[in-house]
Amino acid sequence: MKLSAVVLARVLGYIEAIDLNPRGTIFYPEFTQEFVERYKFQKFPQKLEEFDESKGVEFHQGKIGNLVIQKFVIWNSILVVETRSNTADSKQILEEALLWGAGKFGLNYKPGMIKRFAYVSDLTFHSDVTLFNTNPAVTQLAAETSKAVSEIWQEPIKYEPMGVAVGHDPLSRKYGIASFSISYRGESKFSENKYFSEAPLPTDRHIALLEVFEAGMKRLHA
């Protein structure tokens, strides 16, 4: 596979915001001013109602060093950072911001306080193999659908398998986790073999599993 673009590299750090400011000594407007200046955010909270952690306190389009931050959101119990480079970068930004806040404003934070991280990785990529012709029954369904629809519309219309996804039973846990999915990239012809994939994984692990899947498809069609 050949990576085309990182569409989203999101990391979620599960920690209660109130635990970072246990005695309520941090003044949000003052914190925001320094935070925005440090990370060069172009859109940030300016009205009182925008500092509601239950709705997410959002900072957009920032930069630190050579890392561009698409979004940084403070929720009641989750901190979210989005970049378009790598989830490792997003996680680095999150942890560095907390260390900075501890030094600058006395945030109650030490490395290791976040016990659980989650990820959302969106990628586009090209492959030199068609990835969805895995099941003869599905291939037959596509062929029969092509025939039926072509008869209805009185023109040749070819249906093909369009994607693959794996996920967990959403009723098996309180909060669902995103599926691992691969589909054709919108606005691209199927024949271009350009794909979009989303996974609840770090960027590098996501890419590695796509490579494993592609290799398996190549062996299948060999």
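I began with a helix pair: α2 and α3 pack at an angle of about 130°, their axes 12 Å apart. Axes here are lines fitted to C-alpha atoms, for helices over the stretch in contact, and angles run from 0 to 180 degrees between N-to-C directions. α2 is therefore oblique to α3, since angles under 35 degrees count as roughly parallel, over 145 as roughly antiparallel, 65 to 115 as roughly perpendicular and the rest as oblique.

I noted the source next: this is a predicted model, where local features need pLDDT of at least 70, side-chain atom pairs count only at pLDDT 80 or more, and totals for chains, interfaces and linings use all residues. Residues are numbered from 1 along each chain as its sequence is written, and side-chain values use heavy atoms, with hydrogens and water left out.

I then listed who makes the contact (heavy atoms within 4.5 Å). From α2 come E30, F31, E34, F35, R38 and Y39, and from α3 come I93, E96, A97, W100, K104 and F105.

Buried means under 20% relative accessible area (1.4 Å probe, protein chains only). This core has 29 residues, and F35, F41 and F72 are among those with the most contacts inside it. α3 gives the largest share, six residues.

Technical notes. Core = buried A, V, L, I, M, F, W, Y, C linked by side-chain atoms within 4.5 Å. Buried < 20%, exposed > 50% of the residue type's maximum accessible area, 1.4 Å probe, protein only. Helix = DSSP H or I, 4+ residues; strand = E, 2+ residues; numbered from the N terminus.
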